[in-house]
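Here are some exercises to work through with the model open beside you. Try each task before you read its solution.

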Amino acid sequence: MMSKYNVSRDMSTQHPDNVNHPFFSDNAELAGEDEIKEVFYTYSHIHCKEQLWDCEGKEVDNFVVKKLLTKYEPYFKKHTLGKDVFLTLRVPNPSVEKSEAKILLETLESIPRNFDTANLFYNDDIAPIFEIALPMTTDYRELTRISNYYKNHVVGKQHHRLHDITVAEWIGKFQPESLRIIPLIETKDNILSPEKIVEPYLKEEKVEDYQRVWLARSDPALNYGNLATVLMLKVAFQKIYSLQEKLSVDLLPILGCGSAPFRGNFKPTNIKNCIKGYPSVYTYTLQSAFKYDYNINDVTKAIEFLNESKPGKPVPVDEKKCISIIDKLMHEYRNQVKLLADFVNNISPHIPSRRKRKLHIGLYGYSRNIGDLKLPRAITFCAALYSYGLPPEIIGLNALDEKDIDYIKDIYANFDNDLSESLKYLNEDNLHIFPHEIVEKIGKIKNMANYEPDAKHKKVTSIILEDLKKKDYRLLTENITRAGFIRGFLG
């Protein structure tokens, strides 16, 4: 499978979970031209072969290909964009992001122009962009609409006649003729049944070689809890593998994971465990903390290890047993999050920002079961709770009984490791501020794993609580950053 398709095992993304800002930027918040530099850095310095470019939010740059090729000409003369290194676009989903829907059309219109730019540069018909990811996909028709619009209205218009000539004769040919579209699946029902989206799409589009399928990790953890999400993903990867066998189309899963255990625990120092935990995943996302909060030698070694490793079969699971545990965990997690929401929202405005770009909106606002609860995005949510000394991974784990834990350890090889890593950031001295119900339940979870409390992190989170009480917000933000340095990620 590895040599059959030219698909990258790693995908750098713009998720702002980093504490350090990269050396090539003078600002803590990356924006504009810094993001162009970031793409080059990704390819040339850390040898990651694919960069995700967000086409959501303000100031979307549709000239990224032109800027890369002109600014870094020597590199791109040796490394062909679209063949040796890849740029994948993430576009708004019109079904959910109504106010940004037309950005999708602008982005699709820019693809043939980017093709022309690369064609002039390479004197070759290689598409620099041929793949886009659609967030919050819940129905295969959301994908086919994009495919049809592109074929009929973007590329198709070249055949229209304008008085005496066709658009193609007037403007030039429109290429590439079609796009690969990746569903990014984020809701519980769709993660547990990815085949309901993937199978009809493959049949409708007559895909015969391969299809990438992206499963989210952070937003589901925010919506349903960390462990519930891990179990959902285990079920999903098993179903994707079964569908691959059934249809004889290679399905190449992408897992969107960050450095915090709550968001995947995917960092240079834990890469072997992650691959062991999700052996069938083809592509892993390298978010900002992965790239900027670790020694560059560790980063490049981890990427090299990932690129040389080969995907295998998923971990076999009992779907019914998993769903029963998921429901238990989810119910308990949501009850506790309701009690913690005010604490999270109280500190979240003081979490430092790492990107000027507004990243995609996430599903919390669209979840029907959550009522009126308003929470920040997953990275900020994580950073907020860690700053209190309450690791978000442990919320709701008290719902498990011994039999559940035994089964989880059978199918989730990293359970003890991930839990120990979370618990070391628990600051018991700060727990008195939370409702009694939360404190009582944490007491039960502490005995689930052996862990050594991190003394430095404990000290800083105790100071954070004092800053918050004194309303010393400048120091508060500084100390939130200090705690992030100790962990190796912001949130």
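**Exercise 1: Salt bridges**

Glu50, Glu131 and Arg212 are joined in a network of salt bridges. A salt bridge here is a side-chain nitrogen of Lys or Arg within 4 Å of a carboxyl oxygen of Asp or Glu. Before you start, note that this is a predicted model, where local features need pLDDT of at least 70, side-chain atom pairs count only at pLDDT 80 or more, and totals for chains, interfaces and linings use all residues. Residues are numbered from 1 along each chain as its sequence is written, and side-chain values use heavy atoms, with hydrogens and water left out.

*Task.* Find the salt-bridge partner of Lys291, and decide whether Lys291 is buried or exposed.

*Solution.* 
- Step 1: A search of the whole structure gives 28 salt bridges.
- Step 2: In one of them, Lys291 meets Glu38, at 3.3 Å from N to O.
- Step 3: This pair connects distant parts of the chain, with Lys291 in helix α12 (residues 288–292) and Glu38 in helix α1, 253 residues apart. Helices (H or I, at least four residues) and strands (E, at least two) are DSSP runs, numbered from the N terminus.
- Step 4: Lys291 has a relative accessible area of 2%, so it is buried. Glu38 is buried because its relative accessibility is 0%. The cut-offs are under 20% relative accessible area for buried, over 50% for exposed, and partly exposed in between (1.4 Å probe, protein chains only).

*Solution.* 
- Step 1: Arg180 forms a salt bridge with Asp209, 2.6 Å from N to O.
- Step 2: Arg180 lies in strand β7 (residues 180–185), while Asp209 is in the loop between α8 (195–205) and β8 (210–216), 29 residues apart.
- Step 3: Arg180 is partly exposed because its relative accessibility is 24%. At 31% relative accessible area, Asp209 is partly exposed.

**Exercise 2: Aromatic rings**

*Task.* Classify the pair of Phe24 and Tyr41, then the pair of Tyr412 and Phe415.

*Solution.* 
- Step 1: Rings of Phe, Tyr and Trp (its six-membered ring) pair if their centres lie within 6.5 Å; planes under 30 degrees apart are stacked, over 60 edge-to-face, and the rest tilted. The whole structure holds 22 aromatic pairs.
- Step 2: Phe24 and Tyr41 are 5.3 Å apart, centre to centre, with 50° between the planes, a tilted pair.
- Step 3: Phe24 sits in the loop between β1 (10–12) and α1 (33–44), and Tyr41 in helix α1, 17 residues apart. Phe24 and Tyr41 are buried.
- Step 4: Tyr412 and Phe415 have ring centres 5.7 Å apart and planes at 70°, so this pair is edge-to-face. Tyr412 and Phe415 are both buried.

**Exercise 3: Two sides of a helix**

*Task.* Which residues of helix α16 are buried, and which are exposed?

*Solution.* 
- Step 1: In helix α16 (residues 402–411), Asp404, Ile405, Tyr407, Ile408 and Ile411 are buried.
- Step 2: Viewed down the axis of α16, these buried residues fall within an arc of 165°, so they line one face of the helix. The arc is that of the directions from the helix axis to the C-beta atoms.
- Step 3: Glu402, Lys403 and Asp410 are exposed on the other side of α16.
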